[in-house]
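Here is my note on this model, point by point. Please keep the structure open as you read.

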Amino acid sequence: MSAGNYGKSFAYASKHYGSKGKVLMPETAPISRATLIQSFGCDVERVPMTCLMNVVNRCVQESNMTFLHPYDDSDLIAGHASLGFEVLELMPQPDVVVICCGGGGLLAGVAAAIKLSGCEKTRIYGVEPEGACTMYKSFIEKKPVGMDSKSIASGLAPPFAGTLPYELCQRYVQDIVLVNDEEIKAAVSTLYGAGLLVEPSGCAAFAAIANDRIPDIAGRNVVVILSGGNIGQDELTNFLD
């Protein structure tokens with residue numbers, strides 16, 4: 001179940017191990033991403049966002065398939081934690097770390113790695129689109145919740161926040177902040193102008209910094225994670241000024 005990046009890595013692994021795989025993609029995900037996943041030999045089925053889990057359950061029950069969750073999975077979160085260790089190799093004591101958040105797997109893994117490595121004073125922020133703020137709402141409700149997510153940052157628009165990511169984010173993340181789609185589009189354009197090809201979902205953390213969503217960062221050691229260059233030419237033309 002993926003809007004692109006997880007599906008791409010899943011498809012690559014399936015090809016590597018010679019296993020049969022299928023990726024369920026929301027209808028809102030760009031066609032170019034589906035084409036890329038299919039090039040690795042994986043089947044792709046595009047379904048409405050609200051039907052994703054129903055189709056997952058159908059595949060499991062009717063086709064005897066095993067579901068590998070794209071964010072609510074302890075092994076996956078542990079893999080994401082490796083990025084936290086990479087950050088600490090470059091900056092052993094960051095003051096602030098800003099990370100995009102969809103289902104919460106990346107944010108949870110990086111936050112846990114940094115905090116459990118002894119950086120107790122480091123403030124870690126997650127960033128979500130206003131139209132797909134499942135973790136933000138989960139923090140308010142004090143439990144994982146879902147919503148009808150809509151954003152140009154399709155990789156940050158899951159149907160619900162993950163249970164394990166929510167628990168880890170509650171423990172290690174300072175706050176979840178929001179950016180709007182126009183701010184994300186501007187971030188794509190700004191980074192492209194600087195020579196960095198970053199997809200909308202990967203720009204969210206930068207958009208938060210650029211629009212003053214993160215408090216008290218003047219003079220601080222700030223790390224901003226840019227996660228993902230999974231953007232086709234068809235998408236890119238819509239974002240550049």
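1. Start in a loop. Asp-216 sits between α9 (204–210) and β6 (222–224), in the loop that joins them. The model is a predicted one, so treat every value here as computed from predicted atoms. Is Asp-216 buried, partly exposed or exposed? Its relative accessibility is 46%, and it counts as partly exposed, because that class lies between 20% and 50%.

2. Stay with Asp-216 and look at its backbone. Its phi is near 50 degrees. That is a positive value in a residue other than glycine. Now look across the fold. Val-96 is 120 residues away from Asp-216 in sequence, yet their C-alpha atoms are 9.3 Å apart in space.

3. The loop between α9 and β6 also holds Asp-212. Asp-212 is not a glycine, but its phi is positive, at about 60 degrees. How much relative accessible area does Asp-212 have? The value is 69%. Asp-212 is therefore exposed, since the cut-off for that class is over 50%.

4. Next, find Pro-48. It belongs to the loop between β2 (43–47) and α3; α3 itself covers residues 52–63. Pro-48 has a relative accessible area of 33%, so it is partly exposed. Which distance separates Pro-48 from Thr-28, C-alpha to C-alpha? It is 7.9 Å, and the two residues are 20 apart along the chain.

5. Ser-138 gives a contrast. Its place is in helix α6, which spans residues 134–141. Why does Ser-138 count as buried? Its relative accessibility is 0%, and buried means under 20%. Leave aside residues up to four places away in sequence. Ser-138 then touches Lys-143, Pro-144, Val-145, Ala-161 and Tyr-166.

6. Tyr-166 leads on to helix α7, residues 163–172. Which residues of α7 are buried? They are Pro-165, Tyr-166, Leu-168, Cys-169 and Tyr-172. What do the buried residues of α7 pack against? Their partners are α4, α5, α6 and the strand β4 (123–129).

7. Now the largest pocket. Its volume is about 710 Å³. It has 35 lining residues. Nearest its centre lie Asn-5, Tyr-6, Pro-70, His-80 and Gly-155. Which elements give two or more residues to this lining? They are α1 (5–17), α4 (74–90) and α5 (105–115). Two of these, α4 and α5, are also among the elements that the buried residues of α7 pack against.

8. The largest pocket has 18 nonpolar, 15 polar and two charged lining residues.

9. The second largest pocket has a volume of about 340 Å³. Its lining is made of 19 residues. Phe-10, Lys-22, Met-65, Thr-66 and Leu-68 lie nearest its centre. At least two lining residues come from each of α1, β1 (22–26) and α3. Which element gives the most to this lining? That is α1, with five residues. The helix α1 also contributes two or more residues to the lining of the largest pocket.

10. By class, the lining of the second largest pocket holds 13 nonpolar residues, four polar ones and two charged ones.

11. Finally, step back to the whole protein. How many helices and strands does it have? There are ten helices and six strands. The radius of gyration is 17 Å, close to the 18 Å that the globule rule gives for 241 residues, so the protein is as compact as a globular protein of that length. Along the principal axes, its C-alpha atoms fill a box of roughly 55 × 40 × 35 Å.

12. Of the 241 residues, 49% count as buried. Take the contacts with a separation of 6 or more: residues 24 or more positions apart account for 69% of them.

13. Last comes the surface. The protein exposes about 11,600 Å². Carbon and sulfur atoms supply 51% of that area.

Terms used
Residues are numbered from 1 along each chain as its sequence is written. This is a predicted model: local features need pLDDT of at least 70, side-chain atom pairs count only at pLDDT 80 or more; totals for chains, interfaces and linings use all residues. Side-chain values use heavy atoms; hydrogens and water are left out. On a 1 Å grid over the protein atoms alone, a cavity is a set of points where a 1.4 Å probe fits but cannot get out, and a pocket is an open set with protein on both sides within 12 Å along at least five of seven lines; lining residues have an atom within 4 Å of a point. Grid points are joined across faces, edges and corners, and a volume is the space filled by probe spheres set on the points. Helices (H or I, at least four residues) and strands (E, at least two) are DSSP runs, numbered from the N terminus. Ala, Val, Leu, Ile, Met, Phe, Trp, Tyr, Cys and Pro count as nonpolar, Asp, Glu, Lys and Arg as charged, and the others, Gly among them, as polar. The radius of gyration is taken over C-alpha atoms; the globule rule is 2.2 Å times the number of residues to the power 0.38. Buried means under 20% relative accessible area, exposed over 50%, partly exposed in between (1.4 Å probe, protein chains only). Contact means heavy atoms within 4.5 Å. Accessible areas come from the Shrake-Rupley method with a 1.4 Å probe; for residues, only the protein chains shown count as cover.
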